[in-house]
Structure formats: structure tokens, C-alpha cells
Amino acid sequence: MADSSEKQIRLALNNLIDEAVKEIGTPVDQSQRGHFLCELLEQATTGIREILDASSTAINKFVDSVTARWLPRAVLRVALKSVLNAALRTNPAVEALESLHLSLAGAAMALCPDPDRHPSLEKTCAAPMAKAGLDHGFQPE
């Protein structure tokens with residue numbers, strides 16, 4: 001039964017894509033036909049990662065603009081990132097975003113019909129999941 005409903009979902013997605021293509025007038029690469037859902041999840045994963053990385057980017061810009069010559073930029077960068085990371089680790093919203101990021105990455109990997117034809121998943125989804133697993137595995141209890 002699950003096989004039948006999966007086929008119906010895939011057929012509906014392909015029909016939706018066909019109609020959108022007719023409207024836009026851009027042909028679809030047939031080799032990518034079944035990748036609609038995993039691409040959508042991958043893009044959501046990438047967007048969430050950009051949100052999570054925004055504070056680090058802001059710190060880098062701030063440190064690059066500091067004019068205090070007596071304080072090495074590397075020291076300032078490490079100090080600010082340490083303080084920020086400590087604060088963010090206790091923030092439930094950041095924790096929820098991290099969890100959502102990993103869940104979407106896992107779903108994209110699981111739902112991809114042919115990962116060999118979707119190599120970007122390795123960088124955007126598999127690598128962050130592996131890193132999170134390693135980070136979690138090496139943290140003291």
C-alpha cells in the first residue's frame with residue numbers, strides 16, 4: 001500500500017512540475033525529474049545553515065573593522081566567538097534551528113531517489129549530519 005501511495009505522490013509531483021514548466025517555458029532535465037522534494041529540503045537546509053552562521057559572519061566583519069592595533073585580531077575573533085557560542089548553546093531557539101537543520105538534511109538524504117545524481121547532498125546534508133554526530137559523540141556527559 002505504501003508503494004502505491006508513493007507512486008501517486010511522485011506522479012502528482014511530476015504533473016505539478018510539468019505544469020510549472022509549461023508556464024515558465026523552461027525545459028526540465030529529465031535526469032533530475034525525481035529530485036523535486038530532496039532539492040526543496042536541501043535548499044531549506046542551506047537557508048537554515050545561513051541563518052545559523054550569520055552571527056559568526058557578523059563577528060568576522062566586526063573584528064576586521066576594529067582599529068585597536070594592540071590587540072591581535074585572532075585573539076579578538078576567538079574571544080568574541082567563544083562568548084557568542086557559549087550564549088548560543090543555551091538558547092532554545094538556536095537549538096531548535098540546529099535540530100530542524102539536521103532533520104531536514106536527513107529527510108533530503110532519505111528521500112533522494114538517486115544520490116549519485118545529486119552530489120551536492122554530500123556537502124549540504126551528509127557532511128553536517130556526520131559532523132553533528134561526531135561532535136555529539138565526543139562531548140563529555
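**Entry 1**

Is Arg-117 buried, exposed or partly exposed? I looked up the relative accessible area of Arg-117 and found 45%, so Arg-117 is partly exposed. I noted the cut-offs: buried means under 20% relative accessible area, exposed means over 50%, and partly exposed lies in between (1.4 Å probe, protein chains only).

Before going on, I wrote down that this is a predicted model, where local features need pLDDT of at least 70, side-chain atom pairs count only at pLDDT 80 or more, and totals for chains, interfaces and linings use all residues. Residues are numbered from 1 along each chain as its sequence is written, and side-chain values use heavy atoms, with hydrogens and water left out.

Next I looked for the partner. Arg-117 forms a salt bridge with Asp-114, and their closest N and O atoms are 3.5 Å apart. A salt bridge here is a side-chain nitrogen of Lys or Arg within 4 Å of a carboxyl oxygen of Asp or Glu. Asp-114 has 27% relative accessibility, so Asp-114 is partly exposed as well.

**Entry 2: The other salt bridges**

How many salt bridges does a search of the whole structure find? I got three. Side chains of opposite charge can pair when their charged atoms come close.

I turned to Arg-49. The side chain of Arg-49 meets that of Asp-53 in a salt bridge, at 3.3 Å from N to O. Both residues lie in helix H2, four residues apart, which is about one turn of the helix. Helices are DSSP runs (H or I, at least four residues), numbered from the N terminus.

Arg-49 also forms a salt bridge with Glu-98, with 3.5 Å between the closest N and O atoms. Glu-98 sits in helix H4 (residues 92-111) and Arg-49 in helix H2, so this pair ties together parts that are 49 residues apart in sequence. I noted that Arg-49, Asp-53 and Glu-98 are linked in a network of salt bridges.

Arg-49 is partly exposed at 26%. Asp-53 is partly exposed at 34%. Glu-98 is partly exposed at 30%.

**Entry 3: A nonpolar patch**

Which residues form a nonpolar patch on the surface? I found Leu-16, Phe-36, Leu-37, Leu-40 and Leu-111, with about 420 Å² of accessible area together. Patch residues have over 30% relative accessible area and no salt bridge; nonpolar side chains (Val, Leu, Ile, Met, Phe, Trp, Tyr) are joined within 5 Å, and like charges within 9 Å. Areas come from the Shrake-Rupley method with a 1.4 Å probe, and for residues only the protein chains shown count as cover.

Helix H2 (residues 36-65) gives the most to this patch, with three residues. Phe-36 is in helix H2. Its relative accessible area is 34%, so Phe-36 is partly exposed.

Key
Helix = DSSP H or I, 4+ residues; strand = E, 2+ residues; numbered from the N terminus.
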